[in-house]
Amino acid sequence: MSYNYYRNSEGFRDPTAGAAIANVMREQKAARQAMRSKENNRVRSRKRRRENRRCKRQMEAARLGRRTVYENKGDLE
């Protein structure tokens with residue numbers, strides 16, 4: 001049996017307590033989503049920085065007429 005927040009322990013309706021609990025649950029859910037969003041942004045920015053460094057190395061190698069490690073990976077197969 002699922003728990004209904006809008007009923008008290010005796011089974012009677014209790015809309016005031018139910019609304020209060022619903023508000024707390026909503027706030028907790030929003031906090032969890034904000035935390036996940038912040039964590040995802042951190043990972044995305046780390047990946048973006050890594051890709052930028054890689055791109056800069058490839059451009060510098062092309063300017064000097066060299067090959068990068070990333071281009072040599074295909075030669076090993």
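**View 1. Helix α1 of the predicted model, from residue 15 to residue 64.** Helix α1 contains 50 residues. From the first C-alpha to the last, α1 reaches 73 Å, which is close to the 74 Å expected at 1.5 Å a residue. Gly65 follows α1 and has a positive phi, near 75°.

**View 2. The whole protein chain.** Two helices and zero strands are found in the protein chain. The chain has 77 residues, and buried residues make up 4% of them.

**View 3. A positive surface patch.** Lysine and arginine residues form the patch: Lys38, Arg42, Arg44, Arg46, Lys47, Arg48, Arg49, Arg50, Arg53, Arg54 and Arg57. One of these residues, Lys47, lies in helix α1. Lys47 counts as exposed because its relative accessibility is 52%, and the cut-off for exposed is over 50%. An α-helix has 3.6 residues a turn, so residues three or four places apart point the same way.

**View 4. Ala22 and Tyr6.** Ala22 is located in helix α1. The relative accessibility of Ala22 is 21%, so this residue counts as partly exposed; buried would require a value under 20%. Along the sequence, Ala22 and Tyr6 are 16 residues apart. In space, the distance between Ala22 and Tyr6 is 8.9 Å, C-alpha to C-alpha.

Technical notes. Residues numbered from 1 in each chain as written. Predicted model: local features only at pLDDT ≥ 70, side-chain atom pairs only at ≥ 80, totals over all residues. Heavy atoms only, no water. Helix = DSSP H or I, 4+ residues; strand = E, 2+ residues; numbered from the N terminus. Expected span 1.5 Å × (residues − 1). Buried < 20%, exposed > 50% of the residue type's maximum accessible area, 1.4 Å probe, protein only. Patch = residues over 30% accessible without salt bridge, like charges linked within 9 Å, V, L, I, M, F, W, Y side chains within 5 Å. Areas by Shrake-Rupley, 256 points an atom, 1.4 Å probe, with all protein chains shown as cover. Salt bridge = Lys/Arg side-chain N within 4 Å of Asp/Glu carboxyl O. Lys, Arg positive; Asp, Glu negative; His and termini not counted. Charge placed at Lys NZ, Arg CZ, Asp CG, Glu CD.
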